[in-house]
Amino acid sequence: MNARRGIDVLESLIAATNRRDLDGLVDQFAEDVRSETPAHPARSFVGRGQVRKNWQQILGAIGDLEATITASSSGAGPTPGSETVWAEIAFDGLRPDGAPWRMRGVTVNEVVDGRIAALRFYLEPVDDVDVDADAAVRRAVAVSADAHASAGAAR
């Protein structure tokens, strides 16, 4: 049994990412890791093999990749002997075309025996378009600016 604390596992994951150490990164995950992406369910998967494929693509394409844990918290996990670690993470680097590649968000990780056994992934690309809160909500609920203005005038 590996007695590493959950945050130590996440810090090892970030350190391996920043070293571009694919084997070290993949080793932070259990063989049968369950990865869920609630906002994009089709992206969910099971198995360390897919972790390797994903990170091989990322490390191969994103130059100067730097990952940072900006905040974290941990507590008892949902199964005996597990620990849940919430980590807010920032990724920064350059795509092959020279454009910035930036991701921000949270991962919720269940750590068992010193490895990530399950995670929920809430990371998203940073929006480089200046869209204010009103426009973003209108877009999300498919309401045009004209319809929004009419609704406000009708009150």
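Is Arg-4 buried, partly exposed or exposed? In this predicted model, where local features need pLDDT of at least 70, side-chain atom pairs count only at pLDDT 80 or more, and totals for chains, interfaces and linings use all residues, Arg-4 counts as partly exposed at 26% relative accessibility. Buried denotes under 20% relative accessible area, exposed over 50%, and partly exposed in between, with a 1.4 Å probe and protein chains only. Residues are numbered from 1 along each chain as its sequence is written, and side-chain values use heavy atoms, with hydrogens and water left out.

Arg-4 lies in the segment before H1; helices (H or I, at least four residues) and strands (E, at least two) are DSSP runs numbered from the N terminus. The side chain of Arg-4 makes polar contacts with the side chains of Ser-12 (3.2 Å) and Gln-28 (2.9 Å). A polar contact is a pair of N or O atoms within 3.5 Å; within protein, one must be able to donate a hydrogen and the other to accept it, and residues adjacent in sequence count only if both atoms are side-chain atoms. With residues up to four places away in sequence not counted, Arg-4 also touches Val-9 and Gly-114, among others, contact meaning heavy atoms within 4.5 Å. Arg-4 and Arg-115 are 111 residues apart in sequence, and their C-alpha atoms are 8.4 Å apart in space.

Helix H1 comprises residues 6-19 and reaches 20 Å from its first C-alpha to its last, close to the 20 Å expected for its 14 residues; the expected span is 1.5 Å times one less than the number of residues. Buried positions in H1 include Val-9, Leu-10, Leu-13 and Ile-14. The helix is followed by Arg-20, which has a positive phi near 60 degrees.

An open sheet of mixed pairing is formed by 6 strands in the order S2-S1-S6-S5-S4-S3. Strands S2 (45-46) and S3 (63-76) stand at the edges with a single partner strand each, so one side of each lacks a neighbour in the sheet. Two strands pair if DSSP finds at least two bridges between them. S1 (residues 29-36) pairs with S2 in the antiparallel sense over 2 bridges, and Phe-45 in S2 is the bridge partner of Ser-35.

H1 lies across S1, S3, S4, S5 and S6, at about 175 degrees to S3. Helix H3 (residues 48-61) lies across S1, S2, S3, S4, S5 and S6, at about 75 degrees to S1. Axes are lines fitted to C-alpha atoms, for helices over the stretch in contact, and angles run from 0 to 180 degrees between N-to-C directions. In H3, Arg-48, Val-51, Trp-55 and Leu-59 are buried. Seen down the axis of H3, these buried residues fall within an arc of 50 degrees, so they line one face of the helix; the arc is that of the directions from the helix axis to the C-beta atoms. The face turned away from the buried side carries the exposed residues Lys-53, Gln-57 and Gly-60.

Thr-107 lies in strand S5 and is buried, with a relative accessible area of 4%. Its side chain is joined to that of Asn-109 by a polar contact of 2.9 Å. Leaving aside neighbours within four places in sequence, the contacts of Thr-107 include Leu-10, Trp-86 and Phe-121.
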